[in-house]
Amino acid sequence: MKFILATTIVIIEMVSFAFINNNSKPDISDVPDNFFDLTFTDIDGVPMKMSDFEGKYVLCVNVASKCGYTKQYKPLQELYEKYQDQLVIIGFPCNQFLNQEPGSEEEIAEFCEKNYGVSFLMTEKIKVKGEDQHAIYSWLTNKSLNGVADAKVSWNFNKFLISPKGEWLGHFESKVDPLSDEIVNLFQ
């Protein structure tokens, strides 16, 4: 009986979570339409500019430490080590999917380094959907800004690939392995 009750609660939370912020749209009026005009703050609190990565591919991934896809940190790190001369990977910690990234920036950085040896760039915690959506994710998910496609961040470890010229190349759902041909073939 306890199992059924617990399962029911989890299902209700998941369904509720799926509908939270679905109707609240971010204000994109002040979001640049050029990817390299976007900025963010890294996990150590240092302001960063996407323009620092012009000339390289950029893979943006919303990450979480307590998710079934958390194991993707390993292939993300492998991808980074193999292609770091031409590819920048940026992990964007987000706690919007069943509270699977509850820690502080310091705890997140420690977890990633200790468990997966993560050396690619990580940001402060952000929101990837809804009213307070970070400008980078507004750009990644709105065709009116990126000029290519609308996309929905459906869960942790969604991936977006940007060209060295700042062009939106693709959106990959959580289940797509970072080392898959589907991603790697776009920048090889």
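Trainee: Leaving aside neighbours within four places in sequence, which residues is Asp 42 in contact with?
Mentor: This is a predicted model, to begin with. In it, Asp 42 touches Met 48, Leu 121, Met 122, Thr 123 and Glu 124.
Trainee: And where is Asp 42 placed?
Mentor: Asp 42 sits in the loop that runs between strand 1 (39-41) and strand 2 (47-49).
Trainee: Is Asp 42 buried or exposed, and what is the nearest side chain of opposite charge?
Mentor: Asp 42 is buried and has no salt bridge. The nearest side chain of opposite charge is Lys 49, 14 Å away.
Trainee: What lies 2.8 Å from a polar atom of the Asp 42 side chain?
Mentor: The backbone nitrogen of Asp 44.
Trainee: Switching to salt bridges: how many does a search of the whole structure find?
Mentor: The search finds one. Lys 74 pairs with Glu 78, and their closest N and O atoms are 3.9 Å apart.
Trainee: How far apart are Lys 74 and Glu 78 along helix 2?
Mentor: They are four residues apart, so about one helical turn separates them. Glu 78 counts as partly exposed because its relative accessibility is 35%.
Trainee: Now the helices. At what angle do helix 2 and helix 3 pack?
Mentor: Helix 2 (residues 73-83) and helix 3 (residues 105-116) pack at about 80°, and their axes are 10 Å apart. The two are therefore roughly perpendicular.
Trainee: Which residues make that contact?
Mentor: Helix 2 contributes Tyr 73, Lys 74 and Gln 77, while helix 3 contributes Phe 111, Cys 112 and Tyr 116.

Key. Residues are numbered from 1 along each chain as its sequence is written. This is a predicted model: local features need pLDDT of at least 70, side-chain atom pairs count only at pLDDT 80 or more; totals for chains, interfaces and linings use all residues. Side-chain values use heavy atoms; hydrogens and water are left out. Buried means under 20% relative accessible area, exposed over 50%, partly exposed in between (1.4 Å probe, protein chains only). Lys and Arg count as positive and Asp and Glu as negative; His and the chain ends are not counted. A salt bridge is a side-chain nitrogen of Lys or Arg within 4 Å of a carboxyl oxygen of Asp or Glu. A polar contact is a pair of N or O atoms within 3.5 Å; within protein, one must be able to donate a hydrogen and the other to accept it, and residues adjacent in sequence count only if both atoms are side-chain atoms. Contact means heavy atoms within 4.5 Å. Axes are lines fitted to C-alpha atoms, for helices over the stretch in contact, and angles run from 0 to 180 degrees between N-to-C directions. Angles under 35 degrees count as roughly parallel, over 145 as roughly antiparallel, 65 to 115 as roughly perpendicular and the rest as oblique.
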